[in-house]
Each structure stands twice: as C-alpha cells, then as structure tokens.
Amino acid sequence: MIDFKEKISVSKQCKVLNLSRNFIYYTSKSESEENMQIMLLLDKKYFETPFYGYRKITAWLQNQGFVVNEKRVRRLMKLMNWKTIYREPKTTICNPEHKKYPYLLKNLKITYKNQVWATDITYIPMNKGFMYLTAIIDLHTRYVLNWDISNTMSAEWCTKVLNETIEKHGAPSIFNTDQGSQYTSEIHTKALKDNNVKISMDGKGRAIDNIFIERLWRTVKYENVYLQSYSDGITLYNGLEKYFEFYNEERLHQSLNYKTPSSIYCLRNVA
C-alpha cells in the first residue's frame, strides 16, 4: 500500500499500484451519529418512494420516532443528492446561467455500444461518514466503463472521470445526464463538445429518464455497499473495484439474455 515516507512520490506509487491518487488524500464527510442513521434510512427509502418530497419524508421520519423539522430534512436530502421524481416539468426553476440541453433518448432505439453513455452521482454510506460515487455506463451493453469516488460532487471531478473514459474507450454519440450543476457546467459541456458528443439531459424531476443508471445504483448498494459496511475511503475503493469487475465480467443480466456486460461490450466494435 502507499507509504508516505518513501522517497518515491505518492503519484508514482499510485501509478505503479494502478490506484487513483484522489482517494489517498481525502477523508469521508461526516455528520452526527443520528444524521448518519437518518441518511442511511433515506438512502434505502429512495428506492421505495423516489417520488417523496421533503414534506412527506419529514412526516415519515417523525413516524419513525425522529425529532426532525423540514429544514433539517431538506439539508440532508440535498447532501445525499436526493432527486425527487414528479410529473410537473416546471415546478423547479432552472439556473439561467447554465444552459440546459434537450432529452435525446425518447423513442431512440439503442442498438450498439458507444451509441449512448449515461452517468450520475450517488451517496455512499459508510461506518463513519459518507462519500459520493459516480459511474459512466454504456446503455446498450450495461457495461460500467469507468467509476470513481470522492467527498465532493464537483464539476471538475465529473469531467476528469469523463475525460478518462473517452481516452480509454473513445467517445460516444450521445452522453446523457441529469440537469445537475456538475453536468451543465462549462467545463463538463466543453469536454463533450470538444469530442463531438451530443449532449442529452433528463427532464427536471424525471429521474426515470436515466433509469438504467438508477438501476445500477440499486444493484451496487444492495449487492455490495449495504452488505460491507465500509470503514474508510481506501476499503471502499478496493471493495467497489472488486464489485464492478464482478458486475462487468461475471454477473449475468436478465436484460442481456443472461450474458455479462463485458461479453457483449468487448465482442466487437460496432458503430
């Protein structure tokens, strides 16, 4: 593992060990023990009722015995990147400084790899504190092309992961995201435009538009994160690395006729 006392730089050690240098330096974000308990409950609750807003969540938590108000619940939901699904497309006012892009996947037949990629960020609970996970998947094959963890949801982080993915796999025809500030930022949209990638964004409040990545989060959490109870960033990174290798190389997917994402993605280059 990394030795900070070695004469060899940490950067070179990470390169030799094939590790991301990011996770060496950060520590997970922390909250009070009760807040961490609430956030874990909310993380699981999201997969049951993603259509709940902060008022219903507040009432639900109060029914569970927690003494919370709406202000506290809204803060924790925002911290977790909770995205409530609702029908009304104009109930949230968009930031006029950030350009939004249309949703390009409606009625689109996705028939080959690298036609459409999708990405998102999700909250990862840990024993003490939490981190964020991002991943980029190929929608045709469900192959996880790249992923990373961080203690912030910055546009720079998302762009770094995007650039790494394009460098390794080439550029897709379409890249789909939600309307989060990370993805509407100039640095992220410029990276896509520079590679001639069409930008697609979910409708506001319609997480269902990015259903494939939402299903990935559910799978990762129930098959790995909730079972492992990770203690720190390094064990989390190593655990997720093993899981995503399993997900791509061994896990059989019903939607792929019980084949693995890797067996389809690596079959041939189709464009």
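**Salt bridges in the predicted model**

Glu223 forms a salt bridge with Arg251, with the closest N and O atoms 2.8 Å apart. A salt bridge is defined here as a side-chain nitrogen of Lys or Arg within 4 Å of a carboxyl oxygen of Asp or Glu. The Glu223–Arg251 pair links distant parts of the chain, 28 residues apart. Glu223 lies in helix 9 (residues 211–228). Arg251 sits in the loop between helix 10 (233–249) and helix 11 (261–265). Helices (H or I, at least four residues) and strands (E, at least two) are DSSP runs, numbered from the N terminus. Glu223 is partly exposed, at 33% relative accessibility. Buried denotes under 20% relative accessible area, exposed over 50%, and partly exposed in between (1.4 Å probe, protein chains only).

The structure is a predicted model, in which local features need pLDDT of at least 70 and side-chain atom pairs count only at pLDDT 80 or more, whereas totals for chains, interfaces and linings use all residues. Residues are numbered from 1 along each chain as its sequence is written, and side-chain values use heavy atoms, with hydrogens and water left out.

Two further pairs lie within helices. In helix 6 (residues 155–169), Lys160 and Glu164 are four residues apart, so about one helical turn separates them. These two residues form a salt bridge, and their closest N and O atoms are 3.1 Å apart. Lys160 is partly exposed, with 26% relative accessibility. Glu164 is also partly exposed, and its relative accessible area is 36%.

Helix 8 (residues 186–194) holds both Lys190 and Asp194. The spacing is again four residues, about one turn of the helix. A salt bridge joins Asp194 to Lys190, with 2.8 Å between the closest N and O atoms. Lys190 has a relative accessible area of 46% and counts as partly exposed.

Salt bridges also form a network, which links Lys83, Asp120 and Asp178. The count of salt bridges comes to 10.

The protein chain as a whole contains 11 helices and five strands. Of its 271 residues, 49% are buried. Contacts (heavy atoms within 4.5 Å) were examined by sequence separation. Among those between residues at least 6 apart in sequence, 65% join residues at least 24 apart. The accessible surface of the protein chain is about 15,000 Å². Carbon and sulfur atoms account for 50% of this surface. Accessible areas come from the Shrake-Rupley method with a 1.4 Å probe; for residues, only the protein chains shown count as cover.
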